[in-house]
Amino acid sequence: MDYILIAYRSRSHTLKFHEFLKSNGLYSEIVNTPKEAGVGCGLSVKIEPKYFTAVKKAVRITNFSGFAGFFAVKQIAGRRTVKSI
């Protein structure tokens, strides 16, 4: 399944952002950041692509200084690819 990760350099920002999304009715999960992303604190927020536009707005609203980026994660022929978006 394809999904999007939101990476932060701080675990506390990752958890706070996840809670912000949850409190605003947007489903997300806390997952380990793939090593291929090469950033972050080791945890990321995982969302479905259909929520990407709303989540981009949420990143701007929360304005946490530890924001490290958005990453598209895809499974292609049994291999995981991680691309900054």
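Mentor: We will take the sheet, then a helix, then the salt bridges. This is a predicted model, where local features need pLDDT of at least 70, side-chain atom pairs count only at pLDDT 80 or more, and totals for chains, interfaces and linings use all residues. Residues are numbered from 1 along each chain as its sequence is written, and side-chain values use heavy atoms, with hydrogens and water left out.

Trainee: In what order do the strands form the open sheet?

Mentor: Strands of a sheet pair through backbone hydrogen bonds, either parallel or antiparallel. Here 5 strands make an open sheet, ordered β2-β3-β1-β4-β5, with antiparallel pairing. Strands are DSSP runs of E with at least two residues; helices are runs of H or I with at least four, and both are numbered from the N terminus. Two strands pair if DSSP finds at least two bridges between them.

Trainee: Which strands stand at the edges?

Mentor: β2 (29–32) and β5 do; each has a single partner strand, so one side of each lacks a neighbour in the sheet. β5 (residues 79–84) runs antiparallel to β4, joined by 6 bridges. One partner pair there is A72 with K83 in β5. The hairpin of β4 and β5 has 2 residues between the strands, and A77 takes a positive phi near 50°.

Trainee: Which residues of helix α2 are buried?

Mentor: An α-helix has 3.6 residues a turn, so residues three or four places apart point the same way. In α2 (residues 52–62), the buried ones are F52, V55, A58, V59 and T62. They fall within an arc of 110° seen down the axis, so they line one face of the helix. That arc is taken from the directions from the helix axis to the C-beta atoms. On the other side, T53, R60 and I61 are exposed. Buried means under 20% relative accessible area, exposed over 50%, partly exposed in between (1.4 Å probe, protein chains only).

Trainee: What do the buried residues of α2 pack against?

Mentor: They pack against β1 (3–8), α1 (11–23), β3 (43–47) and β4 (67–76). Contact means heavy atoms within 4.5 Å.

Trainee: How many salt bridges are there?

Mentor: Side chains of opposite charge can pair when their charged atoms come close. The rule asks for a side-chain nitrogen of Lys or Arg within 4 Å of a carboxyl oxygen of Asp or Glu. The count is 3. One of them joins R80 and E36, at 3.2 Å from N to O. R80 lies in β5 and E36 in the loop between β2 and β3, so the pair ties together parts 44 residues apart in sequence.
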